[in-house]
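Please read the following report beside the sequence and the model. It begins with a single residue and then turns to wider features.

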Amino acid sequence: MKSFLFLFASLIISISTFAQDIEGQWNGVLKVQGIQLRLVFNIEKTESGYKSTMDSPDQAAFGIPVNSTTFQNGTLKITISNARIEYEGTLDEDQIIIGVFTQAGQPFPLNLTKGEISKEESKRPQEPTKPYPYISEDLTFENSIDGITLAGTLTLPKTGSNFPAVVLISGSGPQNRDEELMGHKPFLVLSDYLTRNGIAVLRYDDRGTGKSTGNHGQATSADFANDAEAAFAYLKTREEIDPKKLVWQDIVKEGLSLPR
């Protein structure tokens with residue numbers, strides 16, 4: 001009888017351990033005021049516990065470093081310090097993590113599952129649609145100081161020459177060339193407006209984001225300034241651009257604070 005009870009208890013423990021396995025890819029959709037943003041946590045079991053990274057596919061940001069990942073008593077806690085992000089959720093009997101995503105003190109419900117999750121695509125009326133009435137060229141340029149390649153898009157008016165030019169520099173956090181966030185693409189909208197009005201625009205994926213190489217999480221403000229200066233240096237090689245009319249050229253060269 002004792003042997004039977006021991007075997008039964010062992011079986012229960014095994015089933016419980018299997019049910020509490022959170023290793024793998026967990027998907028969720030963050031909903032804020034009708035806007036949807038897909039998030040993915042990639043969780044890996046280690047000898048000392050768990051480690052993970054976060055993806056934001058709608059921002060073309062992948063492998064975002066996570067500072068802390070814990071899973072105790074059915075509760076998952078994740079912290080990304082530099083982005084002021086915290087996630088806490090509880091694994092239920094249906095293998096769904098019911099939780100809350102918090103950034104900069106603002107909480108939002110976020111449930112995670114291991115299955116693929118799709119979102120409802122929202123059409124922003126201000127977003128330009130192809131064909132554009134100007135030239136749009138995808139390209140790459142080098143930051144030779146740090147040895148990385150930055151990928152971006154240059155838009156040019158179809159007619160004329162010696163265009164004034166603008167480099168769009170993103171705000172804090174990893175951003176793609178459109179500065180895409182929660183369905184909005186402000187850099188795409190800005191570049192469209194400026195180029196329609198005779199101004200060339202270069203926008204690029206932050207280092208470690210989209211098609212740009214490098215590590216965003218380990219970069220400093222000086223590194224981001226080097227990236228911006230590399231963008232200006234590239235524009236100077238383009239015969240369509242007036243090198244005397246490059247916006248923020250002096251700011252980068254004088255080492256003043258950039259709008260990051």
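Thr69 lies in strand E5, where helices (H or I, at least four residues) and strands (E, at least two) are DSSP runs numbered from the N terminus. At 9% relative accessibility, Thr69 counts as buried; buried means under 20% relative accessible area, exposed over 50%, and partly exposed in between, with a 1.4 Å probe and protein chains only. The model is a predicted one, in which local features need pLDDT of at least 70 and side-chain atom pairs count only at pLDDT 80 or more, while totals for chains, interfaces and linings use all residues. Residues are numbered from 1 along each chain as its sequence is written, and side-chain values use heavy atoms, with hydrogens and water left out.

The side chain of Thr69 makes a polar contact with the side chain of Ser52, at 2.6 Å. Such a contact is a pair of N or O atoms within 3.5 Å; within protein, one must be able to donate a hydrogen and the other to accept it, and residues adjacent in sequence count only if both atoms are side-chain atoms. When neighbours within four places in sequence are left aside, Thr69 is in contact (heavy atoms within 4.5 Å) with Tyr50, Lys51, Ser52, Leu76, Lys77 and Ile78.

## Aromatic pairs

Rings of Phe, Tyr and Trp (its six-membered ring) pair if their centres lie within 6.5 Å, and planes under 30 degrees apart count as stacked, over 60 as edge-to-face and the rest as tilted. By this rule the count comes to five aromatic pairs. In one of them, the rings of Tyr50 and Phe71 have centres 6.2 Å apart and planes at 90°, so the pair is edge-to-face. Because Tyr50 lies in strand E3 (residues 50-56) and Phe71 in strand E5 (residues 68-72), this pair ties together parts that are 21 residues apart in sequence. Both Tyr50 and Phe71 are buried.

Elsewhere, ring pairs link Phe141, Tyr204 and Tyr234 into a cluster.

Ser56 stands opposite Ala61 in E4. Four residues lie between the two strands of this hairpin, and Ala60 in the turn has a positive phi of about 55°.

## Two nonpolar cores

A nonpolar core is a set of buried Ala, Val, Leu, Ile, Met, Phe, Trp, Tyr and Cys residues joined through side-chain atoms within 4.5 Å. The largest has 24 residues, and those with the most contacts inside it are Met54, Leu76 and Tyr87. Several strands, including E1 (24-32), E2 (35-45), E3 and E4, each supply at least two residues of this core, and its largest share, four residues, comes from E2.

A second, separate core of 21 residues includes Leu154, Leu156, Ile169 and Ala231.

In helix H2 (residues 186-196), the buried residues are Phe187, Leu188, Ser191, Asp192, Leu194 and Thr195, and they pack against strands E10 (134-143), E11 (148-157), E12 (163-168) and E13 (200-204). Just after H2, Gly198 takes a positive phi of about 90°.

Asn82 has its place in the loop between strand E6 (75-80) and strand E7 (85-91), and at 59% relative accessibility this residue counts as exposed. Not counting residues up to four places away in sequence, Asn82 touches Asn67 and Gly217.

Notes. Two strands pair if DSSP finds at least two bridges between them.
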